[in-house]
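Have a look at the picture, then read on.

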Amino acid sequence: MKNESAYLQATQDLPAGEAETPAAADPTIVLLPLYRAGTRVSYQGRDYTVGHVVINRSELQVYLQELGSSVPAEKVQLAPTRLVLQRS
């Protein structure tokens, strides 16, 4: 509550139309597997192509085209993709 009142007082002192900009923070970088159609993955020592992805309440399933069925995403090996999380 104390911080909010200090912020309000600081913004009230600014000329009309100008807002206080927060300090620019470094973007967060996350490494995650990116499952999408056409991605090559490894499953049980063989290479397959992802056809589509199914999200159920309990798990993420990856449909492998050559296999003709879905498998849990945890059992598929895929190099992680570097994602940069930053507000625009």
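Q: What makes a residue like Glu 74 count as exposed or buried?
A: Glu 74 comes out at 63%, so it counts as exposed. Glu 74 sits in the loop between E5 and E6. Its C-alpha atom is 9.4 Å from that of Val 62, and the two residues are 12 apart along the chain.

Q: What kind of model is this, and how are residues numbered?
A: It's a predicted model, where local features need pLDDT of at least 70 and side-chain atom pairs count only at pLDDT 80 or more, while totals for chains, interfaces and linings use all residues. Residues are numbered from 1 along each chain as its sequence is written, and side-chain values use heavy atoms, with hydrogens and water left out.

Q: What makes something a helix or a strand here, and how many does the chain have?
A: Both are DSSP runs numbered from the N terminus: helices are H or I with at least four residues, strands are E with at least two. By that rule the chain has one helix and six strands. Starting at the N terminus, the order is α-β-β-β-β-β-β.

Q: What makes a group of residues a nonpolar core?
A: The members must be buried Ala, Val, Leu, Ile, Met, Phe, Trp, Tyr or Cys residues, joined through side-chain atoms within 4.5 Å. The largest such core here has 10 residues, including Tyr 35, Val 41, Leu 64, Val 71 and Val 76. Two or more residues come from each of E2, strand E3 (46-55) and E4.

Q: How do you know that E2 and E3 pair?
A: Two strands pair if DSSP finds at least two bridges between them. E2 and E3 have four bridges, in the antiparallel sense, so they pass. Tyr 43 stands opposite Arg 46 in E3. The two strands form a hairpin with two residues between them, and Gln 44 in the turn has a positive phi of about 55°.

Q: What makes E3 and E4, and E4 and E5, count as paired?
A: E3 and E4 pair in the antiparallel sense over five bridges, and a hairpin joins them through four residues. E4 and E5 pair in the antiparallel sense over four bridges, with Val 62 opposite Val 71 in E5. Their hairpin has four residues between the strands, and Gly 68 takes a positive phi near 80° there.

Q: Why is the link between Glu 66 and Arg 40 called a salt bridge?
A: The rule asks for a side-chain nitrogen of Lys or Arg within 4 Å of a carboxyl oxygen of Asp or Glu. The closest N and O atoms of this pair are 3.4 Å apart, so it qualifies. The pair links distant parts of the chain, 26 residues apart: Glu 66 is in the loop between strand E4 (60-64) and strand E5 (69-72), and Arg 40 is in strand E2 (residues 40-43). Glu 66, at 45%, is partly exposed, and Arg 40, at 48%, is partly exposed as well. A search of the whole structure finds one salt bridge.

Note on methods
Buried means under 20% relative accessible area, exposed over 50%, partly exposed in between (1.4 Å probe, protein chains only).
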